[in-house]
Amino acid sequence: MADWPMGYGRQVLPEVDSTMAEAARQARDLAGPTWICALHQTAARGRRGRAWVNPAGNFAATLVMPTVETPDRRALRSFVAALALYDALVAVSGRAEGLALKWPNDVLLTGGKVAGILLESLGDHLAIGIGVNLVAAPEMSEVEARAVAPVSVLSALGVDVTPEVFLVALADAFARHEAQFVTYGFAPIREAWLARAARLGETVTARMGETEITGTFETVDVEGRIVLHTASGRQAIAAADIFF
């Protein structure tokens, strides 16, 4: 199993309202990048303020990173985090089969959503929230209509892993991809992400509020936008929910 990466702090808390809220409270007092993991959350949330179902045994953590980067540069950390999640899931399960990355912030396992990523700026810090269905997945009635069905690592692979063990694997993988991002920029991260992308070359629908655009998923561009080939031409979309 991986070792804890140098230069990163670690907190494992028995219970918080949400690790993102705890990150916001602590950010200014942290000496450097710090992982805050909670074994139980009482008010977990996902993208766009949606509730995140987080039963006991599942993984919930937020990485708080000091940064002076622009918002566009910060947003690319979702790809770094996605690659780290992919590698961590391979490390704890021993297999890559069935894993794929869904733009912009999800990880799929055997076609179902197993993990999600949430980025928030906290002044001169960036919070990267990560939730993983290790032992249990929400019911379809608990997720948004048309969303990918949730799955868990335990149900899909028969692998039982604790949040503490997963945290070490994730932190190690993130540190490796983060070092690559800082040294070489987004290009190798983008290439690695596209090699693991779900539905690349297939028809998907991007929903932005009340607007929907359907087209062929061509690529992710150098700014991290999904590029769709539609009936009206190529469109690069910076933020949307993607449906298959």
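**Basis of the description**

The model is predicted, and local features are reported at pLDDT of at least 70, side-chain atom pairs count only at pLDDT 80 or more, while totals for chains, interfaces and linings use all residues. Residues are numbered from 1 along each chain as its sequence is written, and side-chain values use heavy atoms, with hydrogens and water left out.

**Overall form**

The protein chain contains six helices and 12 strands; helices (H or I, at least four residues) and strands (E, at least two) are DSSP runs numbered from the N terminus. Its C-alpha trace spans about 50 × 40 × 35 Å along the principal axes. For 244 residues a compact globule would have a radius of gyration near 18 Å, and the 17 Å of this chain agrees with that. The radius is taken over C-alpha atoms, and the globule rule is 2.2 Å times the number of residues to the power 0.38.

**The seven-stranded sheet**

Seven strands form an open sheet in the order β1-β2-β3-β7-β6-β5-β4, and the pairing is mixed. Two strands are taken to pair if DSSP finds at least two bridges between them. Strands β1 (9–13) and β4 (99–102) are at the edges with a single partner strand each, so one side of each has no neighbour in the sheet. On average, neighbouring strands are turned by 15° against each other, direction ignored. Axes here are lines fitted to C-alpha atoms, for helices over the stretch in contact, and angles run from 0 to 180 degrees between N-to-C directions.

Helix α3 (residues 77–93) lies across β3, β4, β5 (106–109), β6 (112–122) and β7 (125–132), and runs at about 140° to β6. Contact means heavy atoms within 4.5 Å.

**The five-stranded sheet**

A further open sheet has five strands in the order β11-β10-β9-β8-β12, with antiparallel pairing. Its edges are β11 (233–237) and β12 (241–243), each with a single partner strand, so one side of each is left without a neighbour in the sheet. From one strand to the next, the twist averages 45°.

**Paired strands**

Strands of a sheet pair through backbone hydrogen bonds, either parallel or antiparallel. The table lists antiparallel pairs from the two sheets, with an example of facing residues for each.

| Strand pair | Bridges | Facing residues |
|---|---|---|
| β2 and β3 | four bridges | threonine 34 and valine 64 |
| β5 and β6 | four bridges | leucine 109 and glycine 112 |
| β6 and β7 | eight bridges | isoleucine 117 and isoleucine 130 |
| β8 and β9 | six bridges | threonine 205 and threonine 214 |

**Turns and backbone exceptions**

Most residues other than glycine have a negative phi, and most peptide bonds are trans. The hairpin of β5 and β6 has two residues between the strands, and threonine 110 takes a positive phi near 50° there. In the hairpin of β6 and β7, also with two residues between the strands, glycine 123 has a positive phi near 65°. The peptide bond from tryptophan 103 to proline 104 is cis, with omega near 0°; proline 104 belongs to the loop between β4 and β5.

**Leucine 122**

Leucine 122 is part of strand β6. Leaving aside residues up to four places away in sequence, leucine 122 touches Ala23, Ala24, Ala27, Arg74 and Ala127. Leucine 122 and alanine 198 are separated by 76 residues in sequence and by 30 Å in space, C-alpha to C-alpha.

**Helices α5 and α6**

Two packed helices are described by the angle between their axes and the distance between the axes. For α5 (residues 163–184) and α6 (residues 186–195), the angle is about 135° and the axes are 7 Å apart. The two helices are therefore oblique to each other: angles under 35 degrees count as roughly parallel, over 145 as roughly antiparallel, 65 to 115 as roughly perpendicular and the rest as oblique. Helix α5 contributes His177, Gln180, Phe181 and Tyr184 to the contact, and α6 contributes Phe186, Pro188 and Ile189. Five of the contact residues are nonpolar, two are polar and none is charged, where Ala, Val, Leu, Ile, Met, Phe, Trp, Tyr, Cys and Pro count as nonpolar, Asp, Glu, Lys and Arg as charged, and the others, Gly among them, as polar.

At 1.5 Å a residue, the 22 residues of α5 should span 32 Å, and the 31 Å between its end C-alpha atoms agrees. That expected span is 1.5 Å times one less than the number of residues. Just after α5, glycine 185 takes a positive phi of about 85°.
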